[in-house]
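The sequence and structure come first, followed by notes on individual pairs.

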Amino acid sequence: MMEGTMYVVVDERPVVLERDVSAFSRTKSSSRSVPIRQFEGRTSYPILSAGSLLDSALDERFDRLARLACRLYGADVAIVSLVDGRHRWQNAGTSNLVPFNVAQRDIICREIVSSGAPLVVADMTSITRLAGRPVAPQPELCFCAGVPLVAAPELVIGSLCVMAREARDLAAVDLGPLHDLAAVAADEVDLLRLNSDLAHKSQVDALTGLPNRRSFDEAMERAVCRAERLSGPLSLLVVDIDHFKVVNDLWGHQAGDAVLAAVGGVLARQPRRPLDLIARYGGEEFAVILPETDEAGCDALAAALLKALRTANIPHPSGMALTASIGGATARGRGLAGIFASADAALYEAKACGRDHYRRCAVI
């Protein structure tokens, strides 16, 4: 009967266990063995370091596989281990038999990750190096069987292991079901990677690399709620490229795209706080959300943006350097609902002043 499951993260550095040949079984000629790729200190799989699997709560998708593995093998513990190049440990489950945080050198599953081949141990208590280590606490875990999680040819991202209190006959162990479950686990990791990529692409403007309109709308909603909750100020800047239509008309849309990308790069390089957001709002317009920023802070950042754009000296068909106009607004309390309209009105006022200007309007 299974008493718990646990997910841990181990690093990729090889470890050589002292082997009692009679206690270990590894079929080197097995077609399921994987020639492990040399990681050279890099992260093995981007999704693991992106925070989707590491530093997260128990994931039911992997928990189901662990429970199924326990039942198929009559095991007491199932462990899903994932490799991360930053050597971080992740505890995402509970087990009465295996402690939460185990040093990397104490995990027997690490042998599977290092070699990329299946491993079966009839009795872990007979292995000198494991004696007294937390991988085999009281009551002692004797039997262990594990297989690698393979995400791509020659790329092992972890392992799936089952453990039991009683020692077992190696000849009676069929690793086929464990291989199949490990393949499903690896597929789940890859699916998470694909979903993460899609989510990222849906939030980013492909041309400038900045957050897109969707990201802006969501961030603006969060910023307004935060300002209401904290009863503090919220500032907003709307940036519009001056005479942008001329670029498209005279130089073509490819040149226009290059100008937009250049402006986006200038804005992205400006110092900002973690909660600030610079986004492409649409067309030649960009927007900057500034939580907990008063009028003075709003004016200071607008001046810095105008200066940065002038300094960038981006070409324009007029023969002069490209410029932009900026409208700003700062709101509190009930005025938060009208902050964008106020910033937009300020932008038109800046345009009317001859462009390459900044104006801030009172909240409508």
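## D356 and R310

In this predicted model, D356 is partly exposed, with a relative accessible area of 23%. The salt-bridge partner of D356 is R310, and the closest N and O atoms of the two are 3.1 Å apart. This pair connects distant parts of the chain: R310 belongs to helix α8, while D356 sits in the loop between α9 (339–352) and β11 (358–360), 46 residues apart.

R310 has a relative accessible area of 40% and is therefore also partly exposed, since that class lies between the 20% and 50% cut-offs.

## R226 and E292

A salt bridge joins the side chains of R226 and E292, with an N to O distance of 2.5 Å. Here too, distant parts of the chain are linked: R226 lies in helix α5 (residues 213–230), and E292 in the loop between β9 (285–291) and α8 (295–312), 66 residues apart.

Relative accessibility is 26% for R226, which counts as partly exposed. E292, at 43%, counts as partly exposed as well.

## K245 and D249

K245 and D249 form a salt bridge in which the closest N and O atoms are 2.7 Å apart. The two residues are four apart in helix α6 (residues 244–251), so about one helical turn separates them. K245 counts as exposed, because its relative accessibility is 59% and the class begins over 50%.

## Network and total

D240, D242 and K351 are linked in a network of salt bridges. Across the whole structure, the search finds 14 salt bridges.

How values were computed:
Residues are numbered from 1 along each chain as its sequence is written. This is a predicted model: local features need pLDDT of at least 70, side-chain atom pairs count only at pLDDT 80 or more; totals for chains, interfaces and linings use all residues. Side-chain values use heavy atoms; hydrogens and water are left out. A salt bridge is a side-chain nitrogen of Lys or Arg within 4 Å of a carboxyl oxygen of Asp or Glu. Buried means under 20% relative accessible area, exposed over 50%, partly exposed in between (1.4 Å probe, protein chains only).
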